[in-house]
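Visitor: I have a model open and would like to learn how to read it. Where do we begin?

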Amino acid sequence: MMDYSYFQVNEQSLEVEFPEQINVEENKLIQNIARELIEQKAVGVTGVIPAYHTLTVNFDFDLTSFKELVNQIDEIIVNSNELTKTGRSIIELPVFYSPKYGPDLEDVAKFASISVEELIKLHSGTDYFIYMMGFLPGFAYMGSVPEKIAMPRLEVPRKSIAPGSVGIAGAQTGMYPVESPGGWRILGRTPVKLYDPARPQLKYRSGDYIRFVPIDAEEYRRIQQLDAADKYSLKVIKEGDIDNG
Amino acid sequence: MANFVRVIQPGLSTTVQDLGRPNHQIEGFPESGAMDRFSYKLANLLVNNHRNSASLEFVSTGPTLRFACDSFIALTGGKVNATLNDQPILQNEVVEVAEGSILKIGPVIEGNYGYLAFSNGGVITQPVLDSRSTTLRTKMGGLDGRALETGDTIPIRDSVVMPSLSSRKIVIKSEKVTEIHFVKGPHWEMFSKKTQEQFQSEIYQISEQMDRMGYRLNGPKLEVPKKSLLSEGTVLGNIQITRDGSPIALLADRQTTGGYPVIGTIIRADLNRFVQMKQGQQFKFVLTDIDTAVEKLVQQQKVINDTFEKWYAGRYIEPIGPIRRNAIKISRLIRANK
């Protein structure tokens, strides 16, 4: 049983705190509590924010209370052995790794003392777990990048990073859904529109895995055109799903 | 009759707001929604709307609008000298508006944010992710994710029905705010005893960096804990201490997660007063506990609920407002024949 505690943040918010670490098992438990609260339509819960080691729960105190929610969450955690066994969703995201779209590609390769080809192979060779969403709509904090290429973020952040840019910051990796300032080392770009204000539903959520699939310039253009015409959907692989319900 | 209001002058940054989309913070969408929730709810109550009906929120300078249909409106929040067809109108009470009327709100004289609610369901733009609230940063909700512009049409419903019309008013005392209450934040214990005390004894001032995301505060810099933190979910009213030791209060459009230590959280009952403080205004942070914070919020909501119940109970006592569609037309005919 994992150690955890509750903290009441204000009249209508609480935080469940687990040990401060970046740990897939711990985070999966947090994601599961969040999903359970949503799926059970827990009375009075107005919104949840899972993060690396915390879960923020906002509630309406006319409908529920801190004590009531503590009991509910305790119960979810007790039954969580069942939950964590459910399978994983891997979402394939095409990325064009090139100096044109990845201004830090060569620097990171130099940092790791490897070729750009090897860097691409290493970065795209791992399935990354989405620990949390934050900073921007659809900005996924993912890990963990192979230690060898885990270059720290830029000393001075860039004023503008193009939407779709894929980058790393130490052991973290992620993509910029919209144009934004940022300090992550950019390795490439996905042709897929990750955030569209007209249709803001996101293509992935925390608890999912992202698998970067290297593509070339031609494929980049092809997918970009399909995506613009709304004829492209990301490939989702369901793995080891033992939840038959 | 067309059911909209036309924007003649948009004001500084007028947006459609309701209670926001707290259920989409899990995907990284800011909660958004009205900055001053008390004034926002009051405006809806005055015009007999659901508490989550969308209104117009204006800041510093309000819009000028022409009504293409009949409506009842209420203006709450920051103090303005509004006129309807060049005649002054009062805030915090229902005002009947006939088709063709021009409402001019003008500058906000006290406070920052004002609310304009329309009867019969408020502004009825298409909801985006369960809310009509505008988030300018993500270009989402309201009118194409942006502030009002001259010539825009804002969809509302025609409305000539308002029960207990004449009693729909409330007196809101304006008060000088010098204290803002807070409860201990998740990282309170990370700060030294000295810093905790300093935070409560110093005088803080609203800086010029103030918007819907948050207000940065000027004042003596606090000592920041050395330890760096993993990002955590944010809560409305969180007071973060940034790397240079100055506090930022996180407000409606805040990022959903943050990595700065949170020393405290402004209590909900004081948040409305806090967002209405002007640049340069000074105040002190005063520590309280959750039970007191809950009690204060309940008391504040009670004011609204009691008022509503009084109106509801009195809806058949003279003078009765227009409660049928034809009531206004009939009363106009009677007036015309006098």
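Guide: With polar contacts across the interface of chain A and chain B: six residue pairs qualify, both residues at pLDDT 80 or more. A polar contact is a pair of N or O atoms within 3.5 Å; within protein, one must be able to donate a hydrogen and the other to accept it, and residues adjacent in sequence count only if both atoms are side-chain atoms. This is a predicted model: local features need pLDDT of at least 70, side-chain atom pairs count only at pLDDT 80 or more, and totals for chains, interfaces and linings use all residues. Residues are numbered from 1 along each chain as its sequence is written, chains are lettered from A and ligands numbered from 1 in the order in which they are written, and side-chain values use heavy atoms, with hydrogens and water left out.

Visitor: How many salt bridges are there between chain A and chain B?

Guide: Look for a side-chain nitrogen of Lys or Arg within 4 Å of a carboxyl oxygen of Asp or Glu. Between chain A and chain B there are two. Lys227(B) pairs with Glu20(A), and their closest N and O atoms are 2.8 Å apart.

Visitor: How much area do chain A and chain B bury between them?

Guide: Buried area is the accessible area (1.4 Å probe) that two parts lose on being put together, summed over both. Here that is about 3,200 Å², with 61% on carbon and sulfur atoms. Glu11(A), Glu20(A) and Ile49(A) supply 18% of the area that chain A buries against chain B, more than any other three residues.

Visitor: Which domains make up chain A?

Guide: Bounds come from an automatic or database domain assignment. Chain A has domain 1 (5-83) and domain 2 (88-239). Their C-alpha centres lie 29 Å apart. The two domains bury about 950 Å² between them. Val24(A), Arg35(A) and Tyr52(A) supply 50% of what domain 1 buries against domain 2. The count of salt bridges between these domains is zero, but six residue pairs are in polar contact.

Visitor: In what order do the six strands of the open sheet in chain B run?

Guide: Strands of a sheet pair through backbone hydrogen bonds, either parallel or antiparallel. Strands are DSSP runs (E, at least two residues), numbered from the N terminus; two pair if DSSP finds at least two bridges between them. In chain B the order is 7-6-9-4-1-11, with antiparallel pairing. Strand 7 (87-88) and strand 11 (153-155) of chain B each have a single partner strand, so one side of each lacks a neighbour in the sheet. Two bridges join strand 6 (residues 83-84) to strand 7 of chain B. Leu84(B) has Gln87(B) as its bridge partner in strand 7.

Note on methods
Helix = DSSP H or I, 4+ residues; strand = E, 2+ residues; numbered from the N terminus.
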